[in-house]
Structure formats: structure tokens, C-alpha cells
Amino acid sequence: MAFYIFTFSFFRNWMYDIAIENQPSFALTEEQLLALRCIAFPLYVFGVVFVISSSWALGIVGTYNGDYFGILMEKRLTQFPFNVLNNPMYVGSTLIFLAHALWRASPAGILLSAWVWIVYKTFCVLFEEPFTGQIYAEAERLRRKASKRKQTAPGSPMLHPDDVKLLSSFTTAEVVEWLGGIGLAQYATNFTSNHVDGEVLLSLNDASLREDIGIASLGHRFKVLKAVKQRLGEEKKLQHFEMKLNKWTGEREAIERAISETADLKVLSKLKEQVVSRINKLAATTAM
């Protein structure tokens, strides 16, 4: 797949050059042509930087066929250039085409560059972005399911509240993963482009989700706010459980010391009642 995509990209570029060579150019003076090339050169540089840095971040597999064959990155990329543009490779490629057209003062090249951008944008909006959001959300769902099975397996250690990351400390990438977990992966780009981390997420309300983040659906805004509220409620329960657990641990250690230091049956019977009482309370707390 990578070979075919790479080969056809060369064929596309060759056809583009032929189209420019066989079409008339703008009739410009040397000064006008120089000014046009002064615009074309930085566009070309930016385009090359975006394309190369995207390919470097994704690698060969990620660039050409990773997502389509289920070979996913550990998480969606948020470093440069993906923290600057949602689709840096497509933008960079379009800039390179446009730079060539301007360098040669070709109206046909400019029109072809515009067509390239329309095709890229249409493909991204209608197909690639929803597909990518869906497969990463599905991968996160399976990861969570596998993690849950591992935590509840016989003999496995109980998940400690300290192991649960608070929503307020989420990075933007973790917020996007959380968003996929609640079935709203299609808004990943909205949250990423607005740099919504955990702290920002907690400050959002219905108006900001609609006007700033761009979630037009009332139902989806309600779903985000409800999920945040539920998450905070779960975090509060875990913190409460941690306090109870710490208290129980201290009391258990005191009881163990008392048992080891006494042989009085009445004292041992009383300690046994205390142990049973604490176990029942701990079980009730866990079930909350």
C-alpha cells in the first residue's frame, strides 16, 4: 500500500507539471514575477516542513496505511505539526502545489491547487476524520475493557484510588480519548484545536460548548456535561473510599498489635467483633 501511494504521488506530481507547462502563464514584468516568487518561496518552505514533520511523527506505516489496517499509534498525535494544524500533511501538500503555480505564474496551476485543497478537505471532513476518530475511540474502548478484566481477575490487586488520574489533570490528548469513550469522537478536532485539557474541560458550560467549541447539538452538549458530572462524582467516591481505607488500615494494624500482645479471650472476642464491624462498613463503602 505504501509503495502504491508513494508511486502514484510521483505520477500525480508529474501530471501536474505537464498541465502547467502546456497552459499559458500570466504576462508579468520581471518585477512582478520576482514579487510573486517571493510569496511562493516561503509557501514552499512551510509546505515542505509540514509534510516532512508529519511523516516523521507518523512514521512510514502511520503515514501510508497504519489507520486503515488497524495499526494505530499509542494515542492520537498532539505534538508539532499536529498541535498547529488538524491536517498538516494535506495543508503542506497543497502549499507545495500552490508555490509551484505561483513560481511559474500559472493560472492553471493555481486552479489545480485549489482543486487539490477541495479534494483534500472534502475527503478529510467526510471520511478520514470521522473514521480516524471512530477507530481510536474503539481502540480506547477495548483497552478500557481489557484493563477492567485485568483489574477484576481473581488474585489481582485491588485498584487503588491513587491509580486513577483526576479529570482536572487530564492533558488534551487524554481529554480526546475520554471524549471517544463517551461516544463523541467526532468532536476530537474541536477539542484539540481549542487546546481543551482537563482544567479547561471542567470550566466549560452549555454556552461555551456551543459557541467556543462548536458543538451545535443540544443532546451532545448535554452528554458532555453529564459525563463530566458523573466522572467528578466517581472521583469523589474514590476519594471517600481512600479515606475509609486509610482509616481501616490504621485500625487493622492496631488490632493486629493488640492480638499479638494479649492472650485474654475476652479481649480477643471484643477485637474480633471490631474486625467484623469494620469489614462490614468497608464492604458497604465499596458498594457505594
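Here is a quick tour of the fold, its aromatic pairs and a nonpolar patch on its surface. Keep in mind that this is a predicted model. The chain is helical in its secondary structure, with 10 helices and zero strands. A search of the whole structure turns up four aromatic pairs, and two of them are picked out below.

**Overall picture**

- Walk along the sequence and you get the pattern α-α-α-α-α-α-α-α-α-α.
- The chain has 288 residues, and 30% of them count as buried.
- Take the contacts between residues at least 6 apart in sequence: 72% of these join residues at least 24 apart.

**Aromatic pairs**

- Four aromatic pairs come out of the search, among them the edge-to-face pair of tyrosine 16 and phenylalanine 97, at 4.7 Å centre to centre with 65° between the planes.
- That pair bridges distant parts of the chain: tyrosine 16 sits in helix α1 (residues 2-21) and phenylalanine 97 in helix α3 (residues 88-103), 81 residues apart.
- Tyrosine 16 and phenylalanine 97 are both buried.
- Phenylalanine 50 and phenylalanine 80 make another pair, this one tilted, with 6.4 Å centre to centre and 35° between the planes.
- Phenylalanine 50 belongs to helix α2 (residues 30-64) while phenylalanine 80 is in the loop between α2 and α3, so this pair ties together parts that are 30 residues apart in sequence.
- The two partners fall into separate burial classes: phenylalanine 50 has a relative accessible area of 11%, so it is buried (the cut-off is under 20%), whereas phenylalanine 80, at 43%, counts as partly exposed.

**The nonpolar patch**

- Phe41, Tyr44, Val45, Val49, Phe80, Val84 and Trp103 together make a nonpolar surface patch of about 660 Å².
- Helix α2 is the top contributor to the patch, giving four residues.
- Tyrosine 44, one of the patch residues, is found in helix α2.
- With a relative accessibility of 37%, tyrosine 44 counts as partly exposed, because that class runs between 20% and 50%.

Technical notes:
Residues numbered from 1 in each chain as written. Predicted model: local features only at pLDDT ≥ 70, side-chain atom pairs only at ≥ 80, totals over all residues. Heavy atoms only, no water. Phe/Tyr/Trp six-rings, centres within 6.5 Å; stacked < 30°, edge-to-face > 60°. Helix = DSSP H or I, 4+ residues; strand = E, 2+ residues; numbered from the N terminus. Buried < 20%, exposed > 50% of the residue type's maximum accessible area, 1.4 Å probe, protein only. Contact = heavy atoms within 4.5 Å. Patch = residues over 30% accessible without salt bridge, like charges linked within 9 Å, V, L, I, M, F, W, Y side chains within 5 Å. Areas by Shrake-Rupley, 256 points an atom, 1.4 Å probe, with all protein chains shown as cover. Salt bridge = Lys/Arg side-chain N within 4 Å of Asp/Glu carboxyl O.
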